[in-house]
Amino acid sequence: MAGGGPVRDADGMAEPELVDVVVLGLGVGGEEVAGRLAEAGLTVVGVERNLVGGECPYWGCVPSKMMIRAANAIAEARRVDGLGGAAQVTPDWAQVAKRIRAEATDDWDDRVAVERFTGKGGRFVRGSGRIDGPGRVRVGDQVFQARHGIVLGTGTRPSVPPVDGLADTPYWTNREAIEVEELPGSLLVLGGGAIGLELAQVFARFGVRVTVVEALDRVLAVEEPESSEAAAAALRADGVEIHTGVKAARVEHGAAGFTLRGTGGEVFTAERLLVVTGRRAHLDELGLDTVGVDAGGRYLPVDDRLHVTEGIWAVGDVTGEGAFTHVAMYQASIVVADVLDHMRRSQGGADPSGTASVVGGAVGVASSLAATGSSGSAGSVPRADYRALPRVTFTDPEIGAVGLTEQQARDRGINVQVGFTRLSSSTRGWIHKTDEDGFIKLIADADQGVLIGATSAGPAGGEVLSGLVVAVHAAVPLSQLRHMIYAYPTFHRAISDALRNLGQ
């Protein structure tokens, strides 16, 4: 760079700067890819226009779970009655808001995250990047030519439905809900998915009058019907009104707050409106047309090594494989391995010594950085496999799920067996005084004799799920699962009851 600015040709156009890899978008997945490749000795440029780390640490996973932890503590204190005494609780949202600012987000400042990346040897550029032809990325008046590839980790944004009048109102998305310092007296939540239900329960437990409006016939519609029933019952017990099968027709806003009108004549009012009806990638901003990639979809299609096209990878929410941090991290490990493998192959094939000489970097890269594939062979690149994708809705009770639901399995023509048990029928459930909301549901392929899906709902639903994820991922035979020893008295012991009930 000359004189602090980009080098320009005779026509005044910026000359591209040669680097190894450019990562567009430093959310969870992009930051992981960029950081690990920089540590491996590549010259890596990471581009981010918002905050390094993305949605999860600032407006998603981390601060929302702080909110949930606080709300659950309030609810648990209220359960002392009948168990071991009496308790009175006075909710104080100011403590929660302060913790989110001080401990989770640094008041929405990403300086620590930027320094974490640059400390690994990466180069950070703040701005909106755009592909400008094969291997080329433009960020403002800077142009980079990537020798070994471009990685897209640009994430998603809230997908706001085209409801008449909505766009002209000060509605909330998850960001405003996370940042709120003073709670409203009432809240309308448009959308009954995981995010909507988690936030609805939190605010209700802090004294907000909450109404959830969902267009489909049940909340948590992507999960088992029993999960929908459990979540709805729990929220109603916290005072939340839930209205399903209601399609929004119009939103109005005035001095008194929001009015939402349904297509069937329904009318709902509240001081604030939270819109959580899904998310989508904004592909049209990425310059994909300059490399022959269609930008017209909701997400960016990738293969099982996260390739978009030759020399371009994608990672995280932009791929449409589940808007979960654990998916982004999983994909990041594959992308890192594949980029390094691509470099080795471009420099003459396999490296039997176990190291790879990196163009643009002075260090040798251990073959372990390229990960170990499912075959266990050194230097092989794993393929993405989402059969055992875990997901948890952090309501109280928690609802964890993995693999296929019963309906999804039947739609695929699988010979399905279902095993079901209520958590309250287990000893630990009885001791804990769980109600009828908690359960274990197993989905088995009767022909193959393995689990292909499972749901664990209860006080530790997400934790109990871990064993079920292993069973689905490793295709553990049902005969082995039935002959396991399950610790007593635990919540996970209910899995053995559900196994006994398979096919009954």
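A: The account below begins with the basis of the model, then turns to the residue S227 and ends with the chain around it.

This is a predicted model, in which local features need pLDDT of at least 70 and side-chain atom pairs count only at pLDDT 80 or more, while totals for chains, interfaces and linings use all residues. Residues are numbered from 1 along each chain as its sequence is written, and side-chain values use heavy atoms, with hydrogens and water left out.

S227 lies in helix α8, which spans residues 225-237; helices are DSSP runs of H or I with at least four residues, strands are runs of E with at least two, and both are numbered from the N terminus. The relative accessible area of S227 is 0%, so the residue is buried (under 20% relative accessible area; exposed is over 50% and partly exposed in between, with a 1.4 Å probe and protein chains only). Apart from neighbours within four places in sequence, S227 contacts L220, I399, F439 and T455, where contact means heavy atoms within 4.5 Å.

In the chain as a whole, there are 14 helices and 24 strands. Of its 504 residues, 50% count as buried. Among contacts with a separation of 6 or more, 64% join residues 24 or more positions apart. The C-alpha atoms fill a box of roughly 75 × 65 × 45 Å along the principal axes.
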